[in-house]
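Please look over the sequence and the model below before reading on. The paragraphs that follow go from the domains to the sheets, the helices and the ligands.

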Amino acid sequence: MKNLYIKKEECCGCGACVDVCRRGAVKMAVDREGFWYPRIEEALCVDCGQCKRVCPVKKRDGEGTSRQYFGVQVKKENTRYLSSSGGMFPVLAEYVLKKQGVVWGAAFGKNMRVAHREIRSIEELDAVKRTKYVQSSLKGVYRRIDAELKEGKWVLFAGTPCQAEGLRLYLNRFFPKLILMDLVCYGVPSPGIWGDYVKHLERKRRGRVTDFSFRDKRNKDNGHTCVYKAGGREYAGSLYSDIYCRMYFSNHTLRPSCHACRFCSVERKSDFTIGDFWGIEKVKPDMEDGMGTSVVILHTRKAREIWEEVKDSLSWFRCEEKDVLQPRLTCPTAAAESRRIFMIFYRLLPFSMFQALYFMCASAKELMKRVFGTFKR
Ligand SMILES: Cc1cc2nc3c(=O)[nH]c(=O)nc-3n(C[C@H](O)[C@H](O)[C@H](O)COP(=O)(O)OP(=O)(O)OC[C@H]3O[C@@H](n4cnc5c(N)ncnc54)[C@H](O)[C@@H]3O)c2cc1C
Ligand code: SF4
Ligand code: SF4
Ligand code: SF4
């Protein structure tokens, strides 16, 4: 086998092909935008086709059957406060941990790199809670989960839909004790740009960045506050004033596959899908308190059985598909028109200069929009 993809849109970087290749022929390499892509060392490849079998972008089999939709808030206020939306993930995590199981989620590691890690106790749960707007590495995770399931353990895997699908295809059989929970997904930004941003903050603040919360709720604004710690001090601001988040939400830093994503729908093969309940103020105004509500979709019988066991720890209401259809459940995020030129400058300039240039251009564009808007009115 020579290549696993032709266009960059055809690889979401889930890494399932790396873990499945028993010959060690697939390795990840970082491209010029800071994303990982698999490369095959042809001399080691025996053409077994396993890497193609597990690829979530290529594979497409039958769609799920009946689905149920809920709006959810965990009753324990502190748990909800420390989660990104309504706190459904920690409820499922506690369900599995009580069974002496293992929970896999995204956590910050050395130099604030984001990778999936396993936790086995409630005390460790905080590390894998909360949204990290960075692509998370799954190196070695597929193999570990396979081994844990074969030992008979309960496993909860939480991640992006392409990661969950990569895991399902990797395992290639039904495990009754595996819970797959995927997210409504806007897309993942470049880990390379994140790494450069962290270094930039460390220079600016003269100290190590030790924590970063993209969705802090201290302002009761549904987690639209961004808080980080650098050099022992805490810095807080609006999510949209943080330059890294602005680059993300202006659609400049997403992985190319995210702009062609086939998971931007309610059709998933996982057990649970969770996300932010957009439009809660219209569907259930009495529940909107600025502290986050999760949308929860149950896809499988296993999910419906678990739901019956955990629902008493939640404030919830059942709703219709039409109530939850936010943009990322209908179509992928469109790339910014200037994404190409943005990436050219990213490659050419030192990061501090690059981010200052981006800030100037973005501010000028916003000003133009406002002026133009005034004329139109
Ligand atoms: C990159 C990204 C984009 C998202 N886009 C949307 C969106 O457009 N619309 C929407 O409704 N919701 C989106 N979400 C989901 C949303 O932000 C919340 O994560 C979700 O509602 C769960 O919240 P919670 O309160 O139940 O759990 P929390 O306690 O907040 O747990 C968050 C869960 O997400 C996992 N996670 C965090 N970061 C990553 C990552 N980088 N890669 C894989 N898994 C991760 C954690 O391990 C944990 O399981 C996105 C999440 C991510 C990570
Ligand atoms: S075809 Fe088989 S041996 Fe070759 S890279 Fe893929 S998994 Fe490895
Ligand atoms: S398995 Fe994942 S990393 Fe490998 S080619 Fe497919 S999408 Fe890319
Ligand atoms: S948008 Fe699609 S391709 Fe991108 S990370 Fe999310 S699920 Fe994967």
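Two residues are taken to be in contact if their C-beta atoms, placed from the backbone, lie within 7 Å. The model shown is a predicted one. Its domain assignment gives domain 1 (8–53), domain 2 (68–188 + 254–329) and domain 3 (191–253 + 337–376). How many residues of domain 1 are in contact with domain 3? Five residues of domain 1 are in contact with five residues of domain 3. On the domain 1 side, the touching residues divide by class into two nonpolar, one polar and two charged. The C-alpha centres of these two domains, domain 1 and domain 3, lie 31 Å apart.

The sheets come next. One of them is an open sheet of eight strands, with mixed pairing and the order β5-β4-β6-β7-β11-β12-β3-β13. Its edges are formed by β5 (114–119) and β13 (314–319), each of which has a single partner strand, so one side of each is left without a neighbour in the sheet. From one strand to the next, the twist averages 25°. Inside this order, β7 and β11 run parallel and are joined by three bridges. One residue to look for here is Met 181, whose bridge partner in β11 is Phe 272. Helix α10 (residues 301–310) lies across β3 (68–74), β7, β11, β12 (294–298) and β13. The direction of α10 is at about 135° to β12.

Another open sheet has three strands in the order β8-β9-β10, and its pairing is antiparallel. Here β8 and β10 stand at the edges with a single partner strand each, so one side of each is left without a neighbour in the sheet. The twist in this sheet averages 15° from one strand to the next. Strand β8 (residues 209–216) pairs with strand β9 (residues 225–230) in the antiparallel sense over five bridges. Ser 213 has Val 227 as its bridge partner in β9. Is β8 largely enclosed or left open? Six of the eight residues of β8 are buried, so the strand is largely enclosed by the rest of the structure. Helix α7 (residues 191–205) lies across β8 and β9, and runs at about 65° to β9.

Ser 241 is found in the loop between β10 (233–238) and α8 (243–249). Ser 241 counts as exposed because it has 10 C-beta neighbours inside 10 Å, and a residue is exposed if that number is 12 or fewer. In sequence, Ser 241 and Phe 359 are 118 residues apart, while their C-alpha atoms are 9.8 Å apart in space.

Helix α6 (residues 161–171) is another element to follow. Among the buried residues are Pro 161, Cys 162, Gln 163, Glu 165, Arg 168 and Tyr 170. Which elements do the buried residues of α6 pack against? They pack against the helices α1 (16–20), α2 (50–53) and α5 (141–150), and against the strands β6 (155–159) and β7 (178–183). Just after α6, Asn 172 takes a positive phi of about 60°.

Pro 161 and Cys 162 are both around ligand 4. Other residues around ligand 4 include Cys 12, Cys 185, Arg 255, Cys 258, Cys 261 and Phe 263. By class, the shell around ligand 4 has eight nonpolar, three polar and one charged.

Ligand 1 has 33 residues around it, and Ser 83, Ser 84, Gly 105, Ala 158 and Gly 275 come nearest. At least two residues of this shell are supplied by each of α4 (88–97), β4 (102–108), β6 and β11 (272–276). The shell around ligand 1 divides into 15 nonpolar, 13 polar and five charged residues.

Ligand 3 has 15 residues around it. Which of them come nearest? Leu 4, Cys 11, Cys 14, Cys 17 and Cys 55 do. The shell around ligand 3 has 12 nonpolar and three polar residues, and no charged ones.

How values were computed. Residues are numbered from 1 along each chain as its sequence is written. Chains are lettered from A and ligands numbered from 1 in the order in which they are written. This is a predicted model: local features need pLDDT of at least 70, side-chain atom pairs count only at pLDDT 80 or more; totals for chains, interfaces and linings use all residues. A residue is buried if 20 or more other C-beta atoms lie within 10 Å of its own, exposed if 12 or fewer, and partly exposed in between; C-beta atoms are placed from the backbone. Helices (H or I, at least four residues) and strands (E, at least two) are DSSP runs, numbered from the N terminus. A residue is near a molecule or strand if its C-beta atom, placed from the backbone, lies within 6 Å of it. Ala, Val, Leu, Ile, Met, Phe, Trp, Tyr, Cys and Pro count as nonpolar, Asp, Glu, Lys and Arg as charged, and the others, Gly among them, as polar. Domain bounds come from an automatic or database domain assignment. Two strands pair if DSSP finds at least two bridges between them. Axes are lines fitted to C-alpha atoms, for helices over the stretch in contact, and angles run from 0 to 180 degrees between N-to-C directions.
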